[in-house]
Amino acid sequence: MTTEEFKNTVIPYSVKLYPMLFRILRNEEETRDALQELMLRLWNRKDELVNCTNQSAYIVTMARNYSFDLLKKKKPQAMDEKHEYRILNMEADGTDSDTNERYEKVKQVIKDLPEKYRTVIELRDIDGFSFDEIKEMTGYEVANLRVILSRARQKVKEEVEKIYDYDTSGKYARQIL
Amino acid sequence: MTHQENMLDKYYRGETSLEEEKELKATVSESKTGGVEKDIFSFYEKEAFVPEGLEDDLFAGIEKQVVKKKSIRMRLYSAVSAAAVVLIVLTVFLDVRNKKQTKLEDQFFVMEQALFQMSESLQPEPEPDDMLVLWVDDDVEIIIN
């Protein structure tokens with residue numbers, strides 16, 4: 001595998017892997033370094049990767065094992081300044097003034113989901129992994145994953161609707177006290 | 001039921017493809033009316049943030065590693081080549097020196113032999129021992145020194 005082939009087939013996975021690793025590390029610099037390390041590991045195993053029948057599964061499995069390693073080493077850490085700045089300045093991009101508050105509420109709802117639901121919904125709706133890739137990561141069958149995802153999505157909707165009173169036109173009116 | 005409602009229904013059943021979800025999220029985010037999905041999708045979008053130029057930076061890191069490895073390999077080859085050259089030069093030098101020494105030894109041996117021969121030729125013939133032959137027969141010889 002040449003560097004160009006690696007660039008075209010493996011590097012694009014970073015778009016999905018970055019948010020996944022960021023959820024563990026909560027720091028942009030550390031996430032970049034961790035992702036670079038993961039890419040180097042994949043590059044060093046490029047011969048195995050070429051001979052592999054399911055490259056996607058290979059990459060995802062390696063990423064999963066690597067994230068488990070990170071989780072073991074991880075120390076409790078607050079959100080880094082860059083990320084915090086980005087969240088706090090969401091209003092600057094023209095969205096509503098209470099975007100930050102709603103962001104935190106949805107975040108809390110997802111955090112409170114049962115682990116199985118949370119993992120699947122994060123891998124699908126945030127990272128954008130396919131069902132086959134999520135199957136490689138979690139071990140759940142695709143049919144089962146669809147059920148878990150469906151329940152998780154409905155649960156998130158219900159919980160957010162409990163916090164905010166959305167009128168029939170779809171526009172939220174006020175926070176339910 | 002509108003197309004968006006249909007898609008949302010499919011989304012909540014976990015039956016949408018990644019492309020459909022991408023399209024649905026974009027449509028909901030762009031809609032002027034808010035709603036529970038707008039807040040949820042907005043959260044997902046923020047959480048899926050990826051720094052600009054990430055892929056290029058990662059690729060640059062890989063290329064750096066490749067160049068570094070090549071450089072280490074080249075240095076190793078250079079060291080091995082230098083060692084081989086030294087070994088060849090040393091072998092040739094020792095061989096020449098050995099041959100030179102052998103030649104000198106041969107010359108010395110030839111000279112030694114010549115001197116020995118000369119010395120032999122200069123030596124007077126040894127005088128025959130005085131012997132008194134008393135009896136010589138087919139079977140018996142009687143000699144007195």
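Helices are DSSP runs of at least four residues, numbered from the N terminus, and in this predicted model the helix α2(B) gives the most to the lining of the second largest pocket, with 7 residues.

**Where the chains meet**

- On the side of chain A, 50 residues are in contact with 36 residues of chain B.
- Between them, chain A and chain B bury about 4000 Å², and 62% of this area is on carbon and sulfur atoms.
- Within chain A, the residues that lose the most area to chain B are A:Arg32, A:Ile126 and A:Arg153, which together make up 15% of what that side buries.

**The largest pocket**

- The volume of the largest pocket is about 900 Å³, and its lining consists of 26 residues, with A:Arg23, A:Ile24, A:Arg118, A:Thr119 and A:Glu122 lying nearest the centre.
- Sorted by residue type, the lining of the largest pocket holds 10 nonpolar, 4 polar and 12 charged residues.

**The second largest pocket**

- The second largest pocket contains about 660 Å³ of space, and of the 23 residues that line it, A:Asp125, A:Ile126, B:Lys22, B:Lys25 and B:Ala48 lie nearest its centre.
- Two or more residues of this lining come from each of α2 and α8 of chain A, and likewise from each of α2 (18-30) and α3 of chain B.
- The lining of the second largest pocket divides into 10 nonpolar, 2 polar and 11 charged residues.

**A:Glu133 in chain A**

- A:Glu133 is placed in helix α9 of chain A, which covers residues 131-138.
- The relative accessible area of A:Glu133 is 6%, and because buried means under 20% relative accessible area, A:Glu133 counts as buried.
- The side chain of A:Glu133 is joined to that of A:Lys16 by a polar contact of 3.1 Å.
- Leaving aside residues up to four places away in sequence, A:Glu133 touches A:Tyr13, A:Lys16, A:Ser56 and A:Val60.

Key: Residues are numbered from 1 along each chain as its sequence is written. Chains are lettered from A and ligands numbered from 1 in the order in which they are written. This is a predicted model: local features need pLDDT of at least 70, side-chain atom pairs count only at pLDDT 80 or more; totals for chains, interfaces and linings use all residues. Side-chain values use heavy atoms; hydrogens and water are left out. Buried means under 20% relative accessible area, exposed over 50%, partly exposed in between (1.4 Å probe, protein chains only). A polar contact is a pair of N or O atoms within 3.5 Å; within protein, one must be able to donate a hydrogen and the other to accept it, and residues adjacent in sequence count only if both atoms are side-chain atoms. Contact means heavy atoms within 4.5 Å. On a 1 Å grid over the protein atoms alone, a cavity is a set of points where a 1.4 Å probe fits but cannot get out, and a pocket is an open set with protein on both sides within 12 Å along at least five of seven lines; lining residues have an atom within 4 Å of a point. Grid points are joined across faces, edges and corners, and a volume is the space filled by probe spheres set on the points. Ala, Val, Leu, Ile, Met, Phe, Trp, Tyr, Cys and Pro count as nonpolar, Asp, Glu, Lys and Arg as charged, and the others, Gly among them, as polar. Buried area is the accessible area (1.4 Å probe) that two parts lose on being put together, summed over both.
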